[in-house]
Amino acid sequence: MTTSENISDLLDRLSKIVPDYPQPGISFKDLTPVFADPVGLRRMVDELIAPFEGQFDIVAGLEARGFVLAAAAAYASGRGMLTIRKAGKLPREVYRDEYTLEYGTSCLEVHKDEIAPGTRVLILDDVLATGGTVGSSLRLIEKTGATVAGIGVVLELDGLDGRGKLEGHRVHSLQVVHS
């Protein structure tokens, strides 16, 4: 790899396409090989947080691949990490947000006492599709009294209007995947 390789080319080179996963007709772009590659992981994290440098106090990661990104980003930026979990995974009092999926509903939670009001939070996740999980996470952040400094995702699936559901918030994606 040369240092001049752009992030989209790096993602294409390292990720694997899995046909018919999780269901027939879907081509899944597996980012786990990017996570496993030390240069790929560093570049991906650096590119995700660069546009928000100096604008966030803590990094929030969405379960589960968002945890990998947020932990690496928190470490790289010298910040802490906030976990946004699926329902029933956190032991203390939580804020809860239910959101709609194609096939039903789901719920995310965050500890009520994890961050102080006014904290600037950068939300990271692997994929922005319909905007359900990311939208739920930003509502949770706002319930704590903190502010969303921005949203960073590795892949943005076009045609699903995920970005449209996050209107009023700065969204940075490393690659737009055409469906």
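A residue is called buried here if under 20% of its relative accessible area is left. In this predicted model, 42% of the 179 residues of the protein count as buried. The accessible surface comes to about 9,200 Å², and carbon and sulfur atoms hold 51% of that area.

Next, the overall build. The protein has five helices and nine strands, and read from the N terminus the elements go α-β-β-α-α-β-α-β-β-β-β-α-β-β. With a radius of gyration of 16 Å, close to the 16 Å that the globule rule gives for 179 residues, the protein is as compact as a globular protein of that length. The C-alpha trace spans about 45 × 40 × 30 Å along its principal axes. As for how the chain meets itself, take the contacts between residues at least 6 apart in sequence: 55% of them join residues at least 24 apart.

Then there is the sheet. Seven strands make it up, and the sheet is open, with mixed pairing and the order β5-β6-β4-β3-β7-β8-β9. Its edges are β5 (94-101) and β9 (171-177), each of which pairs on one side only. From one strand to the next, the twist averages 20 degrees. Within the sheet, β3 (residues 58-62) and β4 (residues 80-86) run parallel and are joined by five bridges. Ala 60 has Leu 82 of β4 standing opposite.

Helices come into the picture too. Helix α1 (residues 7-14) packs on the sheet, where it touches β8 (147-157) and β9, and its direction makes about 50 degrees with that of β9. Helix α3 (residues 38-49) lies across β7 (120-128), β8 and β9, and runs at about 130 degrees to β9.

Leaving out residues up to four places away in sequence, Val 121 touches Ile 58, Ala 60, Ile 115, Ile 141, Ala 146, Thr 147, Val 148, Ala 149 and Gly 150. Phe 35, on the other hand, is 86 residues away from Val 121 along the chain, and the two C-alpha atoms are separated by 23 Å.

Ser 136 has its place in helix α5 (residues 132-143). Its relative accessible area is 0%, so Ser 136 is buried. Apart from neighbours within four places in sequence, Ser 136 is in contact with Asp 97, Tyr 99 and Leu 108. With Asp 97 there is also a polar contact, 2.7 Å between the two side chains.

Glu 63 belongs to the loop between β3 and α4 (65-77). Is Glu 63 buried or partly exposed? Its relative accessibility is 21%, so Glu 63 counts as partly exposed: the range for that label lies between the buried limit, under 20%, and the exposed limit, over 50%. Setting aside residues up to four places away in sequence, Glu 63 touches Ile 84, Arg 85, Lys 86 and Lys 89. For Lys 86, the backbone nitrogen lies 3.0 Å from a polar atom of the Glu 63 side chain. Leu 140 is 77 residues from Glu 63 in sequence, and the C-alpha atoms of the pair are 14 Å apart in space.

Methods
Residues are numbered from 1 along each chain as its sequence is written. This is a predicted model: local features need pLDDT of at least 70, side-chain atom pairs count only at pLDDT 80 or more; totals for chains, interfaces and linings use all residues. Side-chain values use heavy atoms; hydrogens and water are left out. Two strands pair if DSSP finds at least two bridges between them. Helices (H or I, at least four residues) and strands (E, at least two) are DSSP runs, numbered from the N terminus. Axes are lines fitted to C-alpha atoms, for helices over the stretch in contact, and angles run from 0 to 180 degrees between N-to-C directions. Contact means heavy atoms within 4.5 Å. Buried means under 20% relative accessible area, exposed over 50%, partly exposed in between (1.4 Å probe, protein chains only). A polar contact is a pair of N or O atoms within 3.5 Å; within protein, one must be able to donate a hydrogen and the other to accept it, and residues adjacent in sequence count only if both atoms are side-chain atoms. The radius of gyration is taken over C-alpha atoms; the globule rule is 2.2 Å times the number of residues to the power 0.38. Accessible areas come from the Shrake-Rupley method with a 1.4 Å probe; for residues, only the protein chains shown count as cover.
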